[in-house]
Amino acid sequence: QLAFIAFVPKNGHIYELDGYKKCPVDHGLCTEEEFLAKGSSEIRKFMERDPDNINFSMIVLCAA
């Protein structure tokens, strides 16, 4: 099963947006400065669940 998942900062929290889930998943408090580290940490957890799966890719959209 392939999916597109996005992590976004909103109102001091980091949220996971996944079209297969009924609503956003709140992954806890997160400042703008912490977003990249916390988002990467959540992504790493996905990859650790299935370390032999090579179907992962990542795109980062940010302001310059």
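This is a predicted model: local features need pLDDT of at least 70, side-chain atom pairs count only at pLDDT 80 or more; totals for chains, interfaces and linings use all residues.

Start with a sorting rule for side chains. Ala, Val, Leu, Ile, Met, Phe, Trp, Tyr, Cys and Pro count as nonpolar. Asp, Glu, Lys and Arg count as charged. The others, Gly among them, count as polar.

Now look at the overall layout. Along the sequence they come in the order β-β-β-α. The C-alpha atoms fill a box of roughly 35 × 30 × 20 Å along the principal axes. How many of the residues count as buried? Of the 64 residues, 12% do. A residue is called buried when its relative accessible area is under 20%, and exposed when that value is over 50%. Partly exposed residues lie in between.

Next, find the largest pocket. It holds about 1,200 Å³ of space. Its lining is made by 31 residues. Which of them lie nearest the centre? They are Phe 4, Ile 5, Ala 6, Phe 7 and Ser 57. Strand β1, residues 5-10, supplies at least two residues of the lining, and so does helix α1. The largest share comes from α1, with eight residues. Now apply the sorting rule. The lining divides into 20 nonpolar, six polar and five charged residues.

Most residues other than glycine have a negative phi. Asn 11 is also exposed, because its relative accessible area is 68%, and the cut-off for exposed is over 50%.

Now turn to the charges. Side chains of opposite charge can pair when their charged atoms come close. How many salt bridges does the whole structure have? A search finds three.

Take the pair of Glu 16 and Lys 21. Their closest N and O atoms are 3.0 Å apart. Is Glu 16 buried or exposed? Glu 16 counts as buried, because its relative accessibility is 3%. Lys 21 counts as partly exposed, at 39%.

Then go to Glu 34 and Lys 38. In this salt bridge the closest N and O atoms are 3.8 Å apart. Glu 34 is partly exposed, with a relative accessible area of 33%. Lys 38 is partly exposed too, at 31%.

Glu 42 and Lys 45 also meet in a salt bridge, at 3.2 Å from N to O. These two residues belong to helix α1. They are three residues apart, so about one helical turn separates them. Glu 42 counts as buried, at 11% relative accessibility. Lys 45 counts as partly exposed, at 39%.

Stay with helix α1 for one more residue. The helix covers residues 35-49, and Leu 36 is found in it. Is Leu 36 buried or exposed? Leu 36 counts as exposed, because its relative accessibility is 58%. Leu 36 is also part of a nonpolar surface patch. Met 58 and Val 60 make up the patch with Leu 36. The area of the patch is about 320 Å².

Finish with the segment after α1. Ile 59 has its place there. Ile 59 counts as exposed, at 74% relative accessibility. How far is Ile 59 from His 13? Their C-alpha atoms are separated by 20 Å, and the two residues are 46 apart along the chain.

Ala 63 also lies in the segment after α1. Ala 63 is exposed, with a relative accessible area of 72%. Now compare Ala 63 with Asn 53. They are 10 residues apart in sequence. In space, they are 31 Å apart from C-alpha to C-alpha. Trace both of these distances on the picture.

Conventions:
Residues are numbered from 1 along each chain as its sequence is written. Side-chain values use heavy atoms; hydrogens and water are left out. Patches are made of residues with over 30% relative accessible area and no salt bridge: like charges are joined within 9 Å, nonpolar side chains (Val, Leu, Ile, Met, Phe, Trp, Tyr) within 5 Å. Accessible areas come from the Shrake-Rupley method with a 1.4 Å probe; for residues, only the protein chains shown count as cover. A salt bridge is a side-chain nitrogen of Lys or Arg within 4 Å of a carboxyl oxygen of Asp or Glu. Helices (H or I, at least four residues) and strands (E, at least two) are DSSP runs, numbered from the N terminus. Buried means under 20% relative accessible area, exposed over 50%, partly exposed in between (1.4 Å probe, protein chains only). On a 1 Å grid over the protein atoms alone, a cavity is a set of points where a 1.4 Å probe fits but cannot get out, and a pocket is an open set with protein on both sides within 12 Å along at least five of seven lines; lining residues have an atom within 4 Å of a point. Grid points are joined across faces, edges and corners, and a volume is the space filled by probe spheres set on the points.
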